[in-house]
Number of protein chains: 2
Amino acid sequence: MRVGVLGCGTVGSSLISLVQRQRATIASRTGLQLEVTRVAVRDVSRPRAVELAPEVLTTDPAAVVADPAVDVVVELMGGLEPARTLVLEALAAGKPVVTANKALLASHGPELFKAAADAGVDLLFEAAVAGGIPFVRPLRESLLGEPVHRVMGIVNGTTNFILTRMTEAGADYAEALAEAQALGYAEADPTADVEGHDAAAKIAIVASIAFGAAVTVDDVVVEGISGITAADIAFAGRHGFAVKLLADAQLTDGDDGPEIAVRVNPVLVPETHPLASVRESFNAVFVQGDAVGDLMFYGRGAGGDPTASAVLGDLVDAAVNLDRGAHASVGALAPARIRPPEEASAARYLSLQAVDQPGVLAAVAGVFGEHGVSIASMEQEGGSADGQARIEFVTHRAVERSLRATLAALEELDVVHSVGSVVQVLTDGGEGA
Amino acid sequence: MRVGVLGCGTVGSSLISLVQRQRATIASRTGLQLEVTRVAVRDVSRPRAVELAPEVLTTDPAAVVADPAVDVVVELMGGLEPARTLVLEALAAGKPVVTANKALLASHGPELFKAAADAGVDLLFEAAVAGGIPFVRPLRESLLGEPVHRVMGIVNGTTNFILTRMTEAGADYAEALAEAQALGYAEADPTADVEGHDAAAKIAIVASIAFGAAVTVDDVVVEGISGITAADIAFAGRHGFAVKLLADAQLTDGDDGPEIAVRVNPVLVPETHPLASVRESFNAVFVQGDAVGDLMFYGRGAGGDPTASAVLGDLVDAAVNLDRGAHASVGALAPARIRPPEEASAARYLSLQAVDQPGVLAAVAGVFGEHGVSIASMEQEGGSADGQARIEFVTHRAVERSLRATLAALEELDVVHSVGSVVQVLTDGGEGA
């Protein structure tokens with residue numbers, strides 16, 4: 001079984017080396033010999049971690065896809081184009097494709113899954129969502145007979161590392177980000193991670209496969225962690241919560257049938273919830289199924305070796321399926337009905353800076369009441385030199401629309417200086433985060 | 001695709017009802033219609049949770065297996081015989097078998113896997129190890145190209161519930177057990193759970209598939225939780241550990257090649273380890289792979305619906321494979337080389353009751369030193385009315401042989417009244433628990 005690889009960076013090198021090391025094991029368990037016959041790279045002269053014969057290397061990825069000596073294509077280039085065109089060409093030529101390209105699937109998943117179904121070959125993507133965690137296959141296969149109604153994940157290691165450092169070392173956001181950058185967990189421009197865009201791409205893919213509907217990254221409501229302060233983390237800790245950036249896909253009951261709600265935002269997770277114990281740069285995906293109940297899949301969400309390990313699992317599957325004339329594609333996705341974000345219902349933590357004087361709390365509480373937002377608990381910290389008080393609230397479940405109106409009215413109160421973080425609170429059951 | 005079910009208790013009823021509810025979904029995703037055509041029960045007249053036509057029911061399981069109108073057999077009877085014979089007969093007749101019978105696989109796995117491989121049909125058993133957690137398939141498929149060197153699990157919900165109550169409510173063992181019995185988590189005779197036999201059967205199966213070797217329940221070193229006291233739990237809590245009953249399978253380097261070590265025993269797990277956060281009756285399986293790093297699979301280890309959900313996943317797989325003429329069996333297992341238990345190396349916590357007088361600690365510490373067991377930390381609690389002191393130790397890593405010699409010598413000291421619990425401590429890396 002001859003494999004063509006597009007892209008030979010960290011993951012590509014790990015994969016090729018893993019194929020070489022595990023070839024005998026794979027052959028003994030599947031009867032198939034895997035061999036990497038063509039590799040498309042940007043620069044053939046660059047030294048790399050893995051040894052490859054000069055005739056294997058090329059700078060033309062289209063030539064790898066078209067090569068009759070390539071049976072299966074592994075796409076590790078990243079980006080939308082030319083990756084999209086190359087994947088479509090491979091599928092049209094009857095060649096299964098394994099990809100770790102989350103951006104591609106999050107933007108063009110429905111088109112690509114349909115192309116795979118039309119061609120009757122595999123398009124597999126275990127590594128695109130949560131690196132080395134074997135989660136996509138169980139979601140698709142083991143839970144085939146199982147309606148899944150919610151999938152929540154910590155799917156970005158950078159932000160989880162930052163939040164862990166803020167929680168455990170008492171660091172503020174800027175310090176924790178600097179540490180993540182120094183350790184190589186965060187990029188020099190950390191926007192894609194800390195503002196939630198990476199997680200949004202992943203949860204769009206997860207929602208598509210969990211609910212069989214064409215969800216794209218544009219459907220995801222996104223908020224990052226850059227507004228989270230040390231005071232928010234401290235409040236969470238005092239009340240038995242960990243702050244996590246959750247990517248959340250839910251199937252909800254809309255007025256005209258099922259609706260999908262997909263969001264990425266910081267959430268106060270109860271410390272007894274398994275997602276709260278996911279520390280450092282680890283990832284985890286939490287699945288709620290009707291029959292199976294709660295499931296969680298935990299592991300390394302990134303890194304060359306873990307990601308290559310997931311790619312190899314898919315590659316073996318694709319090779320076995322191709323050999324048997326079978327395929328295991330997602331198939332055509334139904335159009336997705338997305339729930340309007342203003343209808344989302346959730347409990348929330350929020351903080352505000354107000355004048356430290358009698359009667360302020362009554363005024364503030366009155367605003368909540370007027371907008372139908374019920375307060376579950378409140379803490380006031382006054383006595384600071386500047387005459388300000390920090391007031392922290394946890395609300396009962398309220399719809400987004402009411403919350404926004406409450407926030408707008410709070411900001412107009414003379415006694416309120418500013419509204420700080422607004423963070424969802426994960427409550428048992430219910431559709432809100 | 002016609003399904004015969006042997007046994008119609010909690011899991012069987014859940015399964016049949018799940019097949020009925022999910023038939024349309026399964027058909028749309030796989031093209032196959034699943035239908036339960038025959039069900040073997042103990043008493044046809046007993047009322048059950050699921051409606052079945054009278055001609056579907058029989059008291060003769062062999063008739064279900066032999067029925068030409070049955071394509072796939074689901075074995076949910078439990079026990080060794082007649083389950084073993086019936087499974088062998090089904091496989092010999094070319095009928096794939098799905099089973100949740102851990103006792104059967106833990107005792108006769110190698111024979112049954114070989115029979116399935118010889119017949120070229122599936123023998124699937126996702127539900128046998130950790131109920132509803134889709135863990136066996138990822139271990140076998142996603143990690144196909146991945147050497148796994150250790151699998152550790154909390155695979156018994158009863159003991160995890162008891163230990164959680166002891167930790168969180170400060171209950172002693174007898175109280176927590178009584179609560180577990182009142183809630184239906186523990187049987188009237190709790191021996192199989194609390195003494196670790198249930199977990200031992202499961203880890204034997206896990207070790208077989210993780211390492212491709214014929215490990216049976218007789219190879220497992222087993223110790224239960226009935227000796228764990230409230231004082232042990234309190235010590236663990238003060239030092240940042242949770243006490244868990246771990247089932248542990250490791251591939252180790254022996255003098256003459258790789259050896260397998262398989263054990264079930266209580267372990268002090270660092271609170272930062274993901275297994276420490278598995279609470280109540282939940283299960284989790286933690287996998288260490290060379291490339292993928294650490295993985296954990298978490299969910300419901302028991303219960304009718306979660307277990308039936310795992311069985312249904314296998315059933316759909318078996319049906320799809322049968323339809324395609326494919327199979328995904330474990331295949332013949334190599335003989336297992338089991339590491340002699342006295343060579344196991346681990347850090348340990350232990351407590352002893354001694355005379356509360358000066359010089360006792362020196363005498364006790366001397367015994368550790370003579371046997372080459374190094375002490376990592378020590379705590380002494382004296383001043384009790386009976387003139388006794390409780391002394392607690394955590395040792396550095398030491399081999400079982402040296403530890404046993406130390407314990408024997410301690411018991412011979414005049415100043416030592418008794419040696420209490422001896423509990424392994426999970427340390428990073430290394431082969432010991």
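Student: Where in chain B is Glu280(B) found?
Tutor: This is a predicted model: local features need pLDDT of at least 70, side-chain atom pairs count only at pLDDT 80 or more, and totals for chains, interfaces and linings use all residues. Residues are numbered from 1 along each chain as its sequence is written, while chains are lettered from A and ligands numbered from 1 in the order in which they are written. Elements are DSSP runs numbered from the N terminus, namely helices (H or I, at least four residues) and strands (E, at least two). Glu280(B) is in the loop between E11 and strand E12 (282-289) of chain B.

Student: What is phi of Glu280(B)?
Tutor: Most residues other than glycine have a negative phi. Glu280(B) is not glycine, yet its phi is positive. The value is near 55°.

Student: Is Glu280(B) buried, partly exposed or exposed?
Tutor: A residue is buried with 20 or more other C-beta atoms within 10 Å of its own, exposed with 12 or fewer, and partly exposed in between; the C-beta atoms are placed from the backbone. Glu280(B) has 13 other C-beta atoms within 10 Å, so it is partly exposed.

Student: Which bond joins Glu81(B) and Pro82(B)?
Tutor: Pro82(B) lies in the loop between strand E4 (72-75) and helix H3 (83-92) of chain B. Most peptide bonds are trans. Omega here is about 5°, and the bond is a cis peptide bond.

Student: What is omega between Glu81(A) and Pro82(A)?
Tutor: Pro82(A) is in the loop between strand E4 (72-75) and helix H3 (83-92) of chain A. The bond that joins it to Glu81(A) is cis. Omega is about 10°.

Student: How many residues of strand E11 of chain B are buried?
Tutor: E11(B) has 14 residues, 257-270. The strand is largely enclosed by the rest of the structure, because the buried residues number 10.

Student: Which strand pairs with E11(B) in the antiparallel sense over 14 bridges?
Tutor: Two strands pair if DSSP finds at least two bridges between them. In this pair, Phe241(B) stands opposite Pro270(B) of E11(B). A hairpin of 2 residues links the two strands. The partner is strand E10 (residues 241-254) of chain B.

Student: Which residue of strand E19 of chain B stands opposite Val267(B)?
Tutor: Parallel pairing also occurs here, with E9(B) (residues 221-222) joined to E11(B) by 2 bridges. E11(B) and E19(B) (residues 416-425) are parallel too, over 2 bridges. Opposite Val267(B) stands Gln424(B).

Student: Which residues have the most contacts inside the largest nonpolar core?
Tutor: A nonpolar core is a set of buried Ala, Val, Leu, Ile, Met, Phe, Trp, Tyr and Cys residues joined through C-beta atoms within 7 Å. The largest has 290 residues. Those with the most contacts inside it are Ile203(A) and Ile203(B).

Student: What arc do the buried residues of H14(A) cover?
Tutor: The buried residues are Leu403(A), Thr406(A) and Leu410(A). The arc is taken over the directions from the helix axis to the C-beta atoms. These residues lie on the same side of H14(A), because their arc is only 60°.

Student: Which residues are exposed on the other side of H14(A)?
Tutor: Cover for the buried residues includes strand E15 (345-355) and helix H13 (360-370) of chain A. The other side of H14(A) has exposed residues, Ala408(A) and Glu412(A).

Student: What relation do the turn and shift between the chains give?
Tutor: Copies are superposed by least squares on the C-alpha atoms of residues with pLDDT of at least 70 in both. Chain B can be laid on chain A with an RMSD of 0.1 Å by a turn of 180° and a shift of 0.0 Å along the axis. That is the relation of a two-fold axis.

Student: Which element gives the largest share of the side of chain B that touches chain A?
Tutor: The contact takes 43 residues from each of chain B and chain A. Elements giving two or more residues on chain B include H1 and strand E13 (293-300). The largest share, 10 residues, comes from H12(B).

Definitions and conventions
Contact = placed C-beta atoms within 7 Å.
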